[in-house]
Amino acid sequence: ERRIWLYRQPTDMRRSFDGLSAMVRRHLGREPSDGAWYAFINRRRTQIKVLAFESGGYCVWSKRLEQGQFGTADQADDPMSPAQFLALLEGLDWRLVRRRKRYEKPRKSVAAGASAW
């Protein structure tokens with residue numbers, strides 16, 4: 001599942017590839033080429049930019065609302081799920097929605113010194 005990190009402070013939307021990737025390193029303490037997406041919202045909450053590293057290069061996607069604002073996000077430092085990110089883009093507040101329990105495949109853990117076979 002793709003990890004999507006939201007930078008929670010207002011961001012200058014004039015920033016592009018280099019400026020956004022520097023913010024990821026400096027403020028989020030992460031490597032922007034790690035396969036995750038990094039989302040940034042402006043002060044008025046009317047524009048969002050997403051920085052991603054795909055197929056050997058950076059991509060920047062942007063969405064500007066003609067009306068309304070993007071919602072707020074939790075203050076947790078955890079990544080957003082794709083469903084939460086889509087809800088943010090659509091103006092939904094996922095904190096008000098009850099998430100139903102779903103099956104999750106248990107993750108395999110390999111004991112120290114044990115074979116992975």
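Which residues form one aromatic cluster? Trp 37, Trp 61 and Phe 85 do so, in a model that is predicted.

In this predicted model, local features need a pLDDT of at least 70 and side-chain atom pairs count only at pLDDT 80 or more, whereas totals for chains, interfaces and linings use all residues. Residues are numbered from 1 along each chain as its sequence is written, and side-chain values use heavy atoms, with hydrogens and water left out. The mean pLDDT (the predictor's confidence in each residue, from 0 to 100) of the protein chain is 84, and 80% of the residues reach 70 or more.

The protein chain contains 2 helices and 4 strands. These elements are DSSP runs numbered from the N terminus, a helix being H or I with at least four residues and a strand being E with at least two. Along the sequence they follow the pattern β-α-β-β-β-α. Among the elements, S2 has the highest mean pLDDT (95) and H2 the lowest (86).

The 4 strands make an open sheet with the order S1-S2-S3-S4 and mixed pairing; two strands pair if DSSP finds at least two bridges between them. Strand S1 (4–7) and strand S4 (57–64) are the edge strands, each pairing on one side only. On average, neighbouring strands of this sheet are turned by 20° against each other, direction ignored. Such angles are taken between axes, which are lines fitted to C-alpha atoms, for helices over the stretch in contact; angles run from 0 to 180 degrees between N-to-C directions. Strand S3 (residues 47–54) pairs with S4 in the antiparallel sense over 8 bridges. In this pairing, Gln 47 stands opposite Arg 64 in S4.

Both helices meet the sheet. H1 lies across S1, S2, S3 and S4 and runs at about 95° to S4. H2 packs on the sheet as well, touching S1, S2, S3 and S4, and its direction makes about 145° with that of S3. Contact here means heavy atoms within 4.5 Å. In H2, the buried residues are Gln 84, Phe 85, Ala 87, Leu 88 and Leu 89, where buried means under 20% relative accessible area, exposed over 50% and partly exposed in between (1.4 Å probe, protein chains only). These buried residues of H2 pack against S1, S2, S3 and S4. Just after H2, Gly 91 takes a positive phi of about 85°.

Aromatic rings were examined next. A pair of aromatic rings is described by the distance of the centres and the angle of the planes. Rings of Phe, Tyr and Trp (its six-membered ring) pair if their centres lie within 6.5 Å; planes under 30 degrees apart count as stacked, over 60 as edge-to-face and the rest as tilted. By this rule the count comes to 4 aromatic pairs. One of them joins Trp 37 and Phe 85 edge-to-face, at 6.4 Å centre to centre and with 75° between the planes. This pair links distant parts of the chain, with Trp 37 in strand S2 (residues 37–41) and Phe 85 in helix H2 (residues 82–90), 48 residues apart. Phe 85 counts as buried because its relative accessibility is 5%. Phe 53 and Tyr 58 also form an edge-to-face pair, with 5.1 Å centre to centre and 80° between the planes. Phe 53 is partly exposed, because its relative accessibility is 28%, and Tyr 58 is partly exposed, with a relative accessible area of 28%.

Two further residues illustrate the packing. Leu 20 belongs to helix H1 (residues 17–28) and is buried, with a relative accessible area of 0%. Not counting residues up to four places away in sequence, Leu 20 touches Thr 11, Arg 15, Phe 40, Lys 49, Leu 51 and Val 60. The C-alpha atoms of Leu 20 and Val 50 are separated by 8.9 Å, the two residues being 30 residues apart along the chain. Thr 46, in the loop between S2 and S3, counts as buried because its relative accessibility is 16%. Apart from its neighbours within four places in sequence, Thr 46 is in contact with Lys 63, Arg 64, Leu 65, Gly 68, Gln 69 and Phe 70.

For the protein chain as a whole, 30% of the 117 residues count as buried. Among contacts between residues at least 6 apart in sequence, 49% join residues at least 24 apart. The accessible surface comes to about 8,900 Å², of which 48% belongs to carbon and sulfur atoms. Accessible areas come from the Shrake-Rupley method with a 1.4 Å probe; for residues, only the protein chains shown count as cover.
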